[in-house]
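Q: I would like to learn how to read the packing of helices and strands in a model. Could you walk me through it?

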Amino acid sequence: MTKPILDVMNMNKDFQVKSKTALFRKPTSVRVLNDISFELIEGETLSIVGESGCGKTTLGRCIVRGMDASSGNVIYHTEDGQKIEFLKLKGKKSKQYRKDIQMIFQDPYSSLSPRMSVFDIISEPLIANFNLKKSKIEEKVTEIAEKTGLNVSYLRRYPHAFSGGQRQRIAIARALITQPRLIVCDEAVSALDVSIQAQIINLLKDLQEQYQITYIFISHDLSIVQNISDRVAVMHLGRIVELASTDSLFGQPKHPYTEALMSAVPQPDPEMKKDRIILEGEVPNPANPPSGCHFHPRCAYRTDKCVQQVPELREVGYNHFTACHYAEELHLRGVQNDAANTN
Ligand SMILES: Nc1ncnc2c1ncn2[C@@H]1O[C@H](COP(=O)(O)OP(=O)(O)O)[C@@H](O)[C@H]1O
Ligand SMILES: [Mg+2]
């Protein structure tokens, strides 16, 4: 059964940026998200990958309304089947539905208030959204702390007393306390040691199974993404350039940028390392994007058409979308879903 939970439609985000050199010049507008559209199915994990600065965090923030999108729409499908314009919610309805979509950030050091006890950090969203008795709040916090592997007797302590992995558990507990249906995890395990990463990922997976949570999992680490996602969206300079099921994307990438990103994934076979594609040149500046396909200056397969024409995101295989003029002709290299590689 596939039940939609969220449709992101034609989302754009422009930032006004002041020139550092020209003191009196008007701020210029920089498009950081460019016509982003995708649909999410309840209970799935959609990963968003791409180099630093491509707009992943901005996208996450615009979806959860931590920041206003410049244009576009987000349709939220409620549990009882209503379709709601999420970005336009106001007042009571806003309170009712915004708690359903939460975000967890990368840095568990700066995202938790140092002046609040862990109990207060976790219970804050609950108190803001529900009118509950003290005993009920205690009960809920204890329950969620146990679920997320936190020691209940430490809840009166402050975040500085906890390790990075423990802090990320606190952040997850806080995100979960309002029983969200969708969580945007923005590099949620990137700052953690590898062994702790695995624990937190397992926790996220267990919670997903228990509560049917949908994840948007933002990450630059493709080996984690390959492991946990149902589908993957590849972002380049504010646009989605490829979107497919994890197997299809890793097995048969259709965009040269995806191929290049994947060639950097560590391979169990040392022979394969020789074929690593080095992305030459700088990540292009969103304030001054290249003409045509934004990836063309770094693409080994580019032609004049790529310099001139922006490729549309189009379906080139079953549920496999890509924005490359030559998707059908190129035979790009993917990575195997090797058992040794996925633990
Ligand atoms: N508040 C802001 N004002 C101006 N530009 C910003 C702001 N936040 C992010 N950006 C720019 O938007 C682009 C995307 O940033 P971000 O979403 O953080 O990327 P990612 O999470 O993929 O690394 C970058 O070029 C960044 O410099
Ligand atoms: Mg980011």
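Q: Which strands does helix α6 lie across?
A: Contact here means heavy atoms within 4.5 Å. Helix α6 (residues 194-211) lies across β3, β7 (182-186) and β8, and runs at about 155 degrees to β8. Axes are lines fitted to C-alpha atoms, for helices over the stretch in contact, and angles run from 0 to 180 degrees between N-to-C directions. Helices (H or I, at least four residues) and strands (E, at least two) are DSSP runs, numbered from the N terminus. Helix α9 (residues 256-263) packs on the sheet too, touching β3, β9 (231-236) and β10 (239-245), with its direction at about 105 degrees to that of β9.

Q: Before we go on, what kind of model is this, and how are residues numbered?
A: It is a predicted model, where local features need pLDDT of at least 70 and side-chain atom pairs count only at pLDDT 80 or more, while totals for chains, interfaces and linings use all residues. Residues are numbered from 1 along each chain as its sequence is written, chains are lettered from A and ligands numbered from 1 in the order in which they are written, and side-chain values use heavy atoms, leaving out hydrogens and water.

Q: In what order do the eight strands of the open sheet come?
A: Strands of a sheet pair through backbone hydrogen bonds, either parallel or antiparallel. Two strands pair if DSSP finds at least two bridges between them. Here the order is β6-β7-β8-β3-β9-β10-β12-β11, with mixed pairing. β6 (101-104) and β11 (314-317) stand at the edges with a single partner strand each, so one side of each has no neighbour in the sheet. From one strand to the next, the twist averages 25 degrees. Strand β3 (residues 45-49) pairs with strand β8 (residues 214-218) in the parallel sense over four bridges, and L46 has I216 in β8 as its bridge partner.

Q: What about the open sheet of four strands: which order does it have?
A: That one reads β2-β1-β4-β5, and its pairing is antiparallel. Its edge strands are β2 (28-41) and β5 (83-85), each pairing on one side only. Three bridges join β4 (residues 71-77) to β5, and H77 stands opposite K83 in β5.

Q: How many aromatic pairs are there?
A: A pair of aromatic rings is described by the distance of the centres and the angle of the planes. Rings of Phe, Tyr and Trp (its six-membered ring) pair if their centres lie within 6.5 Å; planes under 30 degrees apart count as stacked, over 60 as edge-to-face and the rest as tilted. By this rule the count is three. One of them is Y76 with Y97, edge-to-face at 6.1 Å centre to centre and 65 degrees between the planes. This pair links distant parts of the chain, with Y76 in strand β4 and Y97 in helix α2 (residues 91-98), 21 residues apart.
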